[in-house]
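Dear colleague,

Here is the structure I promised to pass on, with the sequence alongside it. My notes on what was found follow below it.

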Number of protein chains: 2
Amino acid sequence: MSNQSIQPDAACCLVEPLVREPLDAPTAADMAARFKALADPVRLQLLSSVASHAGGEACVCDISAGVEVSQPTISHHLKVLRDAGLLTSQRRASWVYYAVVPEALNALSTLLSVHADAATAVEASA
Amino acid sequence: MSNQSIQPDAACCLVEPLVREPLDAPTAADMAARFKALADPVRLQLLSSVASHAGGEACVCDISAGVEVSQPTISHHLKVLRDAGLLTSQRRASWVYYAVVPEALNALSTLLSVHADAATAVEASA
């Protein structure tokens with residue numbers, strides 16, 4: 001199970017903010033696997049490198065700028081992000097191109113968002 | 001370094017979406033440490049249990065409902081979330097109360113948010 005890829009379109013996009021209701025166990029397991037892929041500084045830098053590229057897509061030859069690790073290490077990290085459903089990859093001629101999966105990132109963003117009214121409620125109860 | 005707590009107010013709230021610009025190494029390290037705290041299904045369930053409680057705060061006696069792990073394990077997970085700056089705790093009489101740190105959750109949410117215009121750009125380039 002732990003070596004299986006998370007499908008980009010599997011349960012990635014129907015997530016309620018966790019301030020709204022407690023997470024059920026299957027959703028928690030799915031989201032935790034995605035957060036695990038984000039729990040590494042180099043992977044976060046690589047993901048941001050792809051995400052901030054024009055069109056949210058970048059050639060692997062352009063991704064490593066500013067990240068001081070070897071090419072095999074970069075390939076490993078990109079595979080982890082792809083297996084977590086956060087990136088897709090496509091080979092074109094000699095190069096592999098990586099693109100973000102906006103729905104997957106937005107689902108995680110939604111899960112963690114604390115709306116202004118919730119924040120106000122927290123402050124009001126303090 | 002790895003055993004030190006992340007300060008709730010340290011660099012938690014000034015984050016740009018990673019679709020906007022590549023992350024620098026110090027911010028990536030800080031954010032990765034917070035995602036690591038979220039990379040466990042039981043911790044996500046406990047965090048959502050606190051966050052979805054009235055006022056974003058809950059007594060430790062109320063948090064464990066629906067989570068089938070021992071009390072010492074729950075305490076350990078809550079400490080990890082607190083050390084990552086995602087929860088605060090306060091003892092009142094016999095019980096410890098945990099509260100979410102809305103700014104910290106919102107910072108992670110902002111980091112991962114893909115705005116509609118960015119998503120459109122991705123689709124347009126596909």
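Predicted model: local features only at pLDDT ≥ 70, side-chain atom pairs only at ≥ 80, totals over all residues.

I begin with a local feature in chain B, where β2(B) and β3(B) form a hairpin that leaves 2 residues between them, and where Ala93(B), in the turn, has a positive phi of about 55 degrees. The two strands, β2 (residues 87–92) of chain B and β3 (residues 95–100) of chain B, run antiparallel and are joined by 6 bridges.

For the complex, the predictor gives an ipTM of 0.83 and a pTM of 0.83. Chain A averages a pLDDT of 83, with 79% of the residues scoring at least 70. Within chain A, confidence is highest in helix α1 (residues 25–38) of chain A, at a mean of 96, and lowest in helix α6 (residues 116–125) of chain A, at a mean of 44. There are stretches to read with caution: pLDDT stays under 50 over residues 7–11 of chain A, for which the model has 7 contacts beyond four places in sequence, and pLDDT also stays under 50 over residues 117–126 of chain A, for which the model has 9 such contacts.

As for the fold, chain A comprises 6 helices and 3 strands, and their order along the sequence is α-α-β-α-α-β-β-α-α. Of the 126 residues in chain A, 48% are buried, and the accessible surface of this chain comes to about 6,200 Å², of which carbon and sulfur atoms account for 53%. When contacts in chain A between residues at least 6 apart in sequence are considered, 63% of them join residues at least 24 apart.

How do the two chains relate to each other? Chain B can be laid on chain A with an RMSD of 0.0 Å by a turn of 180 degrees and a shift of 0.0 Å along the axis, which is the relation of a two-fold axis. In chain B, the C-alpha nearest that axis belongs to Ser109(B), at 2.1 Å from it. The same surface serves both copies, since 100% of the contact residues of chain B recur in chain A.

With best wishes

Technical notes:
Residues numbered from 1 in each chain as written. Chains lettered and ligands numbered in written order. Heavy atoms only, no water. Least-squares fit on C-alpha atoms with pLDDT ≥ 70 in both. Contact = heavy atoms within 4.5 Å. pLDDT = per-residue confidence, 0-100. Helix = DSSP H or I, 4+ residues; strand = E, 2+ residues; numbered from the N terminus. Buried < 20%, exposed > 50% of the residue type's maximum accessible area, 1.4 Å probe, protein only. Areas by Shrake-Rupley, 256 points an atom, 1.4 Å probe, with all protein chains shown as cover. Pairing = 2+ DSSP bridges.
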